[in-house]
Amino acid sequence: TSHHYILLEIYMNLVTLYAKNNEKQERIVELCDILIPVLQKLEGSSKAVAFMLIARIGSQVSIYRAGNKELLKSGWLEESLPNFDDAYTLIKSDVQAPDSLMDLKISLTNLKEEKDSN
């Protein structure tokens, strides 16, 4: 129904707003966990899905770096790496891509290296 699409649009706008203001990282992850499967079913591998994946991964990294690891699902990093690569390929040259995209890529690489060395 059209109400469902309106709700999806509201969720997407909330994710964008929270990410832009660097706040409510846990809520971004929750909203993205709702949005991503629905968007993938509706659109396949699209820019909207890519932007939501990037938002979720960025929030997960922020939560991890803030020392709140207990708020993250186990295996989040292993899941994030291929998802980031797929999303990065789609939006790396998009004018709407977040300015922090390269920083996020570096952070993920560093986290993987830290995990591999332990």
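In the second largest pocket, α2, α3 and α4 (76-91) each supply at least two residues of the lining. This is a predicted model, where local features need pLDDT of at least 70, side-chain atom pairs count only at pLDDT 80 or more, and totals for chains, interfaces and linings use all residues. Residues are numbered from 1 along each chain as its sequence is written, and side-chain values use heavy atoms, leaving out hydrogens and water.

**Terms to know**
- A pocket is an open set of points on a 1 Å grid over the protein atoms alone, where a 1.4 Å probe fits, with protein on both sides within 12 Å along at least five of seven lines; lining residues have an atom within 4 Å of a point.
- A volume is the space filled by probe spheres set on the points, with grid points joined across faces, edges and corners.
- Helices are DSSP runs (H or I, at least four residues), numbered from the N terminus.
- Ala, Val, Leu, Ile, Met, Phe, Trp, Tyr, Cys and Pro count as nonpolar, Asp, Glu, Lys and Arg as charged, and the others, Gly among them, as polar.

**The second largest pocket**
- Its volume is about 220 Å³.
- Of its 14 lining residues, V29, D33, Q60, L72 and K73 are the closest to the centre.
- α2 gives the most to this lining, with four residues.
- The lining holds five nonpolar, three polar and six charged residues.

**The largest pocket**
- The volume here is about 510 Å³.
- Among the 18 lining residues, T16, A19, K20, A55 and P98 lie nearest the centre.
- Two or more lining residues come from each of α1 (2-20), α2 (25-43) and α3 (47-65), and α3 gives the most, with seven.
- By class, nine are nonpolar, eight polar and one charged.
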